[in-house]
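Please view the sequence and the model before reading on.

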Amino acid sequence: MTAADTQEAAGPPAPPVPRDPKGTDGRPGPAKETAGDLGKRRRKKGELLPFLLILPAILAIAAVYAFPLSKTVIMSFQDMGRRELWTGESPPWVGFEQFTNILGDSEFWYVTGRTVLFMAVCVVLTMAIGLLVAMMMTRLSTWVRLTLTAALIAAWSMPLMVAASIFRWLSDSDYGLLNTLIAKVVGDDFLGHNWFLDPWQGFAIITLLVVWGAIPFVVITLYAALTQVPRELEEAAALDGANVRGIFRFVTWPVIRPVFVMVTTLSVIWDFNVFGQIWLLRGNKPEPEYETLGLYSFSKAFESTSFSQGTAIALITVLLLSGVAVYYLRQLMKTGEVE
């Protein structure tokens, strides 16, 4: 009998027995990882990577700001004076008394209105002049634009104390350049004019300093946004008969609007908290007519030795700006989604 006859007599080969998903002890065996599960796990790690990269910065910021912020919040509900500061005794708790006293004080609302008005004027002038200069830079030759950019960066990097000293010299009543130039037009009677006797004129000088220091950042940022406007769209709009205003409104503005809004929001936050410019121009002793919320909080805390009241004013200032900060973050997130 041949091997073929033996295999035919034995019958067809038995089909392979499927492996039991359970082990020998009756429990399920380990599931095999599929390619889809592996890809999901890799994507999850990729999503966590940005948060892991910024984690050290978040921890550093929390270490620097967490304790002062918590101490400020606690102090605003206490009545801490000079005696508690020097003796180390625990200040008595007064609840919301500091906030009710501040919100019921007409001087606080007068200072708040002055701060808002000063901020609005500074922001409008900064953004208007910055946008005009940025648009002018798009039409300049390369070497002129580079020279102007270098000058802007040099002005931006100048320390605040140096800039304030320059503006104090410009507005000096006896040797100031402003008085000398104006006197040549209106007469020598203008020599010796003190700009800071009138708060409106004094704030005009302070506004010039604030706007001068903020324009470089605005110009450079808006110029970078203007370079992203497609030239083909501007040329097509010009061929269709659009004038300069129409090209800016329907072609340029939609492209630069997100950047313009974010820079404006930052300017609102910065100009609302102006402190050093007023402090330095008024010789480290600002008059009550020149107080904004930052200076008002400082004077209450250190000149009136009412530290809790000063911290309460600072917290109210933070709450007033929190809405602006949230709006800025939303615009920043929207810009990232568009990109």
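Which residues in H7 meet which residues in H9? From H7 come Ala163, Ala164 and Phe167. In H9 they meet Ile205, Leu208, Leu209 and Trp212. By class, the residues of this contact are seven nonpolar, no polar and no charged. The model is a predicted one.

Two packed helices are described by the angle between their axes and the distance between the axes. The table gives these values for two pairs.

| Helix pair | Axes come within | Crossing angle |
|---|---|---|
| H7 (residues 160–170) and H9 (residues 199–226) | 11 Å | roughly 140° |
| H10 (residues 231–239) and H11 (residues 244–272) | 10 Å | roughly 150° |

H7 and H9 cross at roughly 140°. That makes H7 oblique to H9. The crossing of H7 and H9 is right-handed. The crossing of H10 and H11 is right-handed.

What does H10 bring to its contact with H11? Leu233, Glu234, Ala237 and Ala238 lie on the H10 side. They meet Ile247, Val251 and Thr252 in H11. The residues here divide into five nonpolar, one polar and one charged.

H5 covers residues 106–137 and has 32 residues. From its first C-alpha to its last, H5 reaches 47 Å. That is close to the 46 Å expected at 1.5 Å a residue. Which residue caps the N-terminal end of H5? Aspartate 105 does. A side-chain oxygen of aspartate 105 lies 3.2 Å from the backbone nitrogen of glutamate 107.

Definitions and conventions. Residues are numbered from 1 along each chain as its sequence is written. This is a predicted model: local features need pLDDT of at least 70, side-chain atom pairs count only at pLDDT 80 or more; totals for chains, interfaces and linings use all residues. Side-chain values use heavy atoms; hydrogens and water are left out. Axes are lines fitted to C-alpha atoms, for helices over the stretch in contact, and angles run from 0 to 180 degrees between N-to-C directions. Helices (H or I, at least four residues) and strands (E, at least two) are DSSP runs, numbered from the N terminus. Angles under 35 degrees count as roughly parallel, over 145 as roughly antiparallel, 65 to 115 as roughly perpendicular and the rest as oblique. A crossing is left-handed if the near helix is turned anticlockwise from the far one by less than a right angle, and right-handed if clockwise. Contact means heavy atoms within 4.5 Å. Ala, Val, Leu, Ile, Met, Phe, Trp, Tyr, Cys and Pro count as nonpolar, Asp, Glu, Lys and Arg as charged, and the others, Gly among them, as polar. The expected span of a helix is 1.5 Å times one less than its number of residues. A polar contact is a pair of N or O atoms within 3.5 Å; within protein, one must be able to donate a hydrogen and the other to accept it, and residues adjacent in sequence count only if both atoms are side-chain atoms.
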